[in-house]
Number of protein chains: 2
Amino acid sequence: MAIVRLTDAQRDAALAELPRWNLRADGLAIEAELKFGDFNEAFGFMTRVAIYADKADHHPEWFNVYSTVRVTLTTHDADGLSERDVAMARFIDSIA
Amino acid sequence: MAIVRLTDAQRDAALAELPRWNLRADGLAIEAELKFGDFNEAFGFMTRVAIYADKADHHPEWFNVYSTVRVTLTTHDADGLSERDVAMARFIDSIA
């Protein structure tokens, strides 16, 4: 089953419920920066997301330095945002 | 005990034995890009480095997308490269 790119209306509706996330300038990805108490907490969070990601076969682009994690979500097979990105953003918000 | 910045000669000698690593343009950090078979392998590698890092109280700056990990090592307390970066680079090379 093909992965369908969200319409602009679907994207905007999803983002309205994800206040932590910002639309990237090109409109093809969403981004969030998360702060933790220390590296142990930050990497613990990343480990939970990693397990989710591999199970969902949908992976983040992410950067970490010490207690900061910056996450970018996009769906290459959809050339933009899909429901998979929204689901991952919701999962991240539920544990961050 | 203060963390001492490597002299240019020490830095160059260390880099000569770390062919995977490149000196960043500003000379204050070393960088490497590592490729793995898939996300599971890449994040498994990151987990090993994370455990090393927190034990050594010296943490990488790193970016991951799927099977690629880009690592930057520097020692903020030394305003450049220290023996801690060389030790971490050696550890990374030993497991990558």
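In this predicted model, helices α2(B) and α3(B) are roughly antiparallel to each other, because the angle of about 150 degrees between them lies over the cut-off of 145 degrees. Chain B also meets chain A, with 16 residues from chain B and 16 residues from chain A in the contact. The area buried between the two chains is about 1400 Å².

**Packing of α2(B) and α3(B)**

- Helix α2 of chain B covers residues 39-56 and helix α3 of chain B covers residues 83-95, and their axes are 11 Å apart.
- The crossing in which α2(B) passes α3(B) is right-handed.
- From α2(B), the contact is made by F45(B), R48(B), V49(B), Y52(B), A53(B) and A56(B).
- From α3(B), the contributing residues are R84(B), A87(B), M88(B), F91(B), I92(B) and I95(B).
- By class, this contact has 10 nonpolar residues and 2 charged residues, with no polar ones.

**Relation between the copies**

- Chain B is superposed on chain A by a rotation of 180 degrees with 0.0 Å of shift along the axis, at an RMSD of 0.0 Å.
- The two copies are therefore related as by a two-fold rotation axis.
- F63(B) has the C-alpha nearest the axis in chain B, 2.1 Å from it.

**Interface between chain B and chain A**

- The copies meet through the same surface, because 100% of the interface residues of chain B are also interface residues in chain A.
- Carbon and sulfur atoms give 70% of the buried area.
- In chain B, the residues that lose the most area to chain A are F39(B), F43(B) and W62(B), which together account for 36% of what that side buries.

Definitions and conventions. Residues are numbered from 1 along each chain as its sequence is written. Chains are lettered from A and ligands numbered from 1 in the order in which they are written. This is a predicted model: local features need pLDDT of at least 70, side-chain atom pairs count only at pLDDT 80 or more; totals for chains, interfaces and linings use all residues. Side-chain values use heavy atoms; hydrogens and water are left out. Axes are lines fitted to C-alpha atoms, for helices over the stretch in contact, and angles run from 0 to 180 degrees between N-to-C directions. Helices (H or I, at least four residues) and strands (E, at least two) are DSSP runs, numbered from the N terminus. Angles under 35 degrees count as roughly parallel, over 145 as roughly antiparallel, 65 to 115 as roughly perpendicular and the rest as oblique. A crossing is left-handed if the near helix is turned anticlockwise from the far one by less than a right angle, and right-handed if clockwise. Contact means heavy atoms within 4.5 Å. Ala, Val, Leu, Ile, Met, Phe, Trp, Tyr, Cys and Pro count as nonpolar, Asp, Glu, Lys and Arg as charged, and the others, Gly among them, as polar. Copies are superposed by least squares on the C-alpha atoms of residues with pLDDT of at least 70 in both. Buried area is the accessible area (1.4 Å probe) that two parts lose on being put together, summed over both.
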